[in-house]
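Please work through each task before reading its solution.

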Amino acid sequence: MYDTLKFILLEKDLGNKVCFIEEVSCRLTDVKYYNNRVVGRIKNMQVDIRGTTLIVEGSLTKWFLGNNYERFLLLWEIRSAIRSLGSALGVPIEKAKVSRIDIAFNFRVSYVPWLYLTKLLYFDSYHRSNIEKETLYFDKYDCQLVFYDKMNELKSCGAKETENLNLLRYEFRFKKVTKLFGEVRGSCLYDSDFCLLLLEKWYRCYMDIDKQVEEVGLKFTGVKDMKESCVALCMSEINMFDAIEEAFTKKEINSAVKFAVLQELRRIRSIYLDNEKVPLINELTRKIENTYVMLKRRYNVSPASYVS
């Protein structure tokens, strides 16, 4: 569930009993020293010590499992991951403030992911953008939805076990955690109610996206087929019959033209639209729904149900 997290811990949060520059920096690799600042890494985590402030950022799932595509973490694993990170750094990360939370899941789909991204059309109050064909963003200042082809990333990392798979990843990034939820500490991340709250947001936002549900394939087998399939695509997006009626009412066309155009639209509809073809986006929606239902069961547990 959790991917990138950003933790911020102050020395005063620990009663000023720890000096981060002296006691944490010695545990890091790839260390760079600046004036009253130390930057380094611990495994996949980026660590930035700025005086009396410790900032840790990276994928919690990758920290615990070694990758962020194999599976999601259960509640007890989330707690174990946070505690092991704290142990490696020598500080209690569960006491750190969380300023960014990314939750994400991978879905094995039948076709290349970008075909599904084209069906996600509009989300009210979010800005839609494609930096590349394989990545789609719905963005606003405090959170962001990202859909992308996970295989491109895995291939660059040399993950051979996923070859020939179509993996679509859906991430939800909470960029302003405090504004959205109030103060969140590391210990909240393995709280059942908090996990369910994040999961609900991840699911509901996807369901609120306007999607193209009509499947109309453009045909390029000839000029006539191309023109007809373009008209069919227009018919799948707007009510062409109402548009013709409006044009007739405004006296932009006469009754003979109206009759001929309507007859042609009905003919094209019977060829391209009057069928039982299941919309492509339904596959992704069904997988997201199934994941949501399954995770609600997995995360709806009491603390006593997993061992310390």
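Predicted model: local features only at pLDDT ≥ 70, side-chain atom pairs only at ≥ 80, totals over all residues.

Residues are numbered from 1 along each chain as its sequence is written, and side-chain values use heavy atoms, without hydrogens and water.

**Exercise 1.** Classify the aromatic pair of tyrosine 170 and tryptophan 202.

*Solution.* Rings of Phe, Tyr and Trp (its six-membered ring) pair if their centres lie within 6.5 Å; planes under 30 degrees apart count as stacked, over 60 as edge-to-face and the rest as tilted. The structure holds 15 aromatic pairs. In this one the centres lie 5.0 Å apart with 20° between the planes, hence it is stacked. Tyrosine 170 belongs to strand 11 (residues 167–174) and tryptophan 202 to helix 7 (residues 192–208), so the pair ties together parts 32 residues apart in sequence. Helices (H or I, at least four residues) and strands (E, at least two) are DSSP runs, numbered from the N terminus.

**Exercise 2.** Are tyrosine 170 and tryptophan 202 buried or exposed?

*Solution.* Buried means under 20% relative accessible area, exposed over 50%, partly exposed in between (1.4 Å probe, protein chains only). Both residues are buried.

**Exercise 3.** Which residues touch the most other members of the largest nonpolar core?

*Solution.* A nonpolar core is a set of buried Ala, Val, Leu, Ile, Met, Phe, Trp, Tyr and Cys residues joined through side-chain atoms within 4.5 Å. Among the 71 residues of the largest core, they are Tyr2, Ile78, Ile101, Phe147 and Trp202. Helix 7 supplies the largest share of this core, nine residues.
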